[in-house]
Amino acid sequence: MCGRFALFTPLDRLARKVGASVPEQKVVFRYNVAPGTWITAVRQASENEPPVIDQMWWGYRPRWAKSTGNQPINARVETVATNAYFKSAFARHRCLIPADGWYEWIKDTKPKQPHYLCRKDRKPLFFAGIFAEREDGSLGCAIITEPARGSATDVHERMPLILDDASLEHWLAPDLTDRETIRSMVHHLDADLIEHWPVSTLVNKPVEGQGEELINPA
């Protein structure tokens, strides 16, 4: 799964990476982003417009589901294209969620031992996501996950679907709607680029004011 992450790369750098205009607001460095909060995401409204950096609620619940519908934070790559709750968004409303790294917890440890996972070269990651308009008109998203690969298997059986650089434009392209075409053009990041290390258990409870000390080796 993917239930916590960090984002501290400046927005102008992220914008250049995906060909988006630089938003006026500055990113607030966040080292323990939790579900049920507003997060930074990249989407593209039409093929004639460049991508935009937007704020989305981390919790996917389309308008038609009303306020009683499930609000998942993740969607499995194995079923996202066919599950009735997600398939329309997979076809037409895909997004990217930028991150510098994410957290997972080693099972059967007390207290739960978090690990921080990131690129070895410290470049930002782009998680594949889907989004939908919520009942209140805002946008809500879910991060797509896949079976863990490489060193990530040391920590958890699943991980976010991280896209390689060549796939970012294709994933956002609103004119790509066919499932098999999308899958043939979009690829995950080489697992050998990912590393991890144990970090402070302060990650276990996200609170205001947490800083870069969270990602330091424990």
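Predicted model: local features only at pLDDT ≥ 70, side-chain atom pairs only at ≥ 80, totals over all residues.
D108 has a phi near 60°, which is a positive value in a residue other than glycine. D108 counts as exposed because its relative accessibility is 83%. The loop between β7 (101-106) and β8 (113-119) also holds P111, and the peptide bond leading from K110 to P111 is cis, with omega near -10°. As a reminder, most residues other than glycine have a negative phi, and most peptide bonds are trans.

There is another positive phi to look at. R122 is a non-glycine residue with phi near 65°, and you'll find R122 in the loop between β8 and β9. R122 has 44% relative accessibility, so R122 counts as partly exposed.

Now, let's go inside. Nonpolar side chains tend to be buried together in soluble globular proteins. In this model, the largest nonpolar core has 59 residues. F5, L96, W102, F127, I130 and W171 are the ones with the most contacts inside that core. Strand β9, residues 125-133, gives the largest share of this core, with 7 residues. Another core, of 11 residues, lies apart from it, and among its members are Y103, C118, W197 and V203.

Which residues does L96 touch, leaving out those up to four places away in sequence? The answer is V18, T40, A41, V42, F126, F127, L163, L168, W171 and L172.

Next, please turn to the loop between β5 (74-76) and α2 (87-92), where F86 has its place. Is F86 buried or exposed? F86 counts as buried, because its relative accessibility is 9%. Beyond four places in sequence, F86 touches Y60, P72, N74, A75, V80 and I130. F86 and F131 are 45 residues apart in sequence, and their C-alpha atoms are 8.8 Å apart in space.

T79 lies in that loop between β5 and α2 as well. With a relative accessible area of 34%, T79 is partly exposed.

My next stop is H156, in the loop between β10 (139-147) and β11 (158-160). H156 has a relative accessibility of 14%; the cut-off for buried is under 20%, so H156 counts as buried. What does the side chain of H156 reach at 3.0 Å? It is the backbone nitrogen of R158. Setting aside residues up to four places away in sequence, H156 touches M1, E104 and A148.

Last, a word on empty space. Rolling a probe the size of a water molecule over the atoms shows where such space is left. Here, the largest pocket has a volume of about 240 Å³. Its lining includes V28, F29, R30, Y31, N32, A34 and T37, and P206, V207, E208, G209 and Q210 also line the largest pocket. By type, the lining of the largest pocket divides into 6 nonpolar, 4 polar and 2 charged residues.

Definitions and conventions: Residues numbered from 1 in each chain as written. Heavy atoms only, no water. Helix = DSSP H or I, 4+ residues; strand = E, 2+ residues; numbered from the N terminus. Buried < 20%, exposed > 50% of the residue type's maximum accessible area, 1.4 Å probe, protein only. Polar contact = N/O pair within 3.5 Å; in protein donor to acceptor, adjacent residues only side chain to side chain. Contact = heavy atoms within 4.5 Å. 1 Å grid on protein atoms, 1.4 Å probe; cavity = no way out; pocket = protein on both sides within 12 Å on 5 of 7 lines; lining within 4 Å. Points joined across faces, edges and corners; volume = space filled by probe spheres on them. Nonpolar A, V, L, I, M, F, W, Y, C, P; charged D, E, K, R; others polar. Core = buried A, V, L, I, M, F, W, Y, C linked by side-chain atoms within 4.5 Å.
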